[in-house]
Amino acid sequence: VQQLSKSASGEFLSRSTNDGSGEAAGSFHFVTAEHWNRTGGLKSIDRVIEKLTRVYQGNVSLLLDAVRQCIVFESMHHLLQAMRTIMADGELQVVRIKNRMSDNYDARQTGGYRDCLVHVRIKTE
């Protein structure tokens, strides 16, 4: 994920810790790939159970985002560059893309918020 971010000038949303830097613990800020030092978050077990029950009728194979990471890009050009890198990576399989940047997406449903969610699976044999 760090290589992908670095190749497309992306940044990670990071939560501050009480490390003496002067930032309040728990506040969010953006960091470049060089300064990012943690793995993606795990979906909480409560949220997994809720999603399996309410959305997927117990079908665990439909849960695609148990491990997650957010990369923020300055421009659509950088997002496209990252997408090309993902698609060209022989070790990754794109399972699903939710393109909420599309003109066809009604952003009123999310208060104007837009993003692009890419679910990938690491190929193992």
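Colleague: Which residues are exposed on the other side of α2?

Modeller: This is a predicted model, in which local features need pLDDT of at least 70, side-chain atom pairs count only at pLDDT 80 or more, and totals for chains, interfaces and linings use all residues. Residues are numbered from 1 along each chain as its sequence is written, and side-chain values use heavy atoms, with hydrogens and water left out. Helices (DSSP runs of H or I, at least four residues) and strands (E, at least two) are numbered from the N terminus. With exposed meaning over 50% relative accessible area, buried under 20% and partly exposed in between (1.4 Å probe, protein chains only), the exposed residues there are Asp46, Thr53 and Arg54.

Colleague: Within what arc do the buried residues of α2 fall?

Modeller: In helix α2 (residues 45–54), Val48, Lys51 and Leu52 are buried. They line one face of the helix, because the arc, taken from the directions from the helix axis to the C-beta atoms, is 100 degrees.

Colleague: Is His119 buried or exposed?

Modeller: His119 belongs to strand β7 (residues 116–122). Its contacts (heavy atoms within 4.5 Å), leaving aside neighbours within four places in sequence, are Leu64, Asp65, Gln93, Val94, Val95 and Arg96. As its relative accessible area is 10%, His119 is buried.

Colleague: What separates the C-alpha atoms of Tyr113 and Met101?

Modeller: Tyr113 lies in the loop between β6 (92–99) and β7. Beyond neighbours within four places in sequence, Tyr113 is in contact with Tyr105 and Ala107. Met101 is 12 residues from Tyr113 along the chain, and their C-alpha atoms are separated by 9.1 Å.
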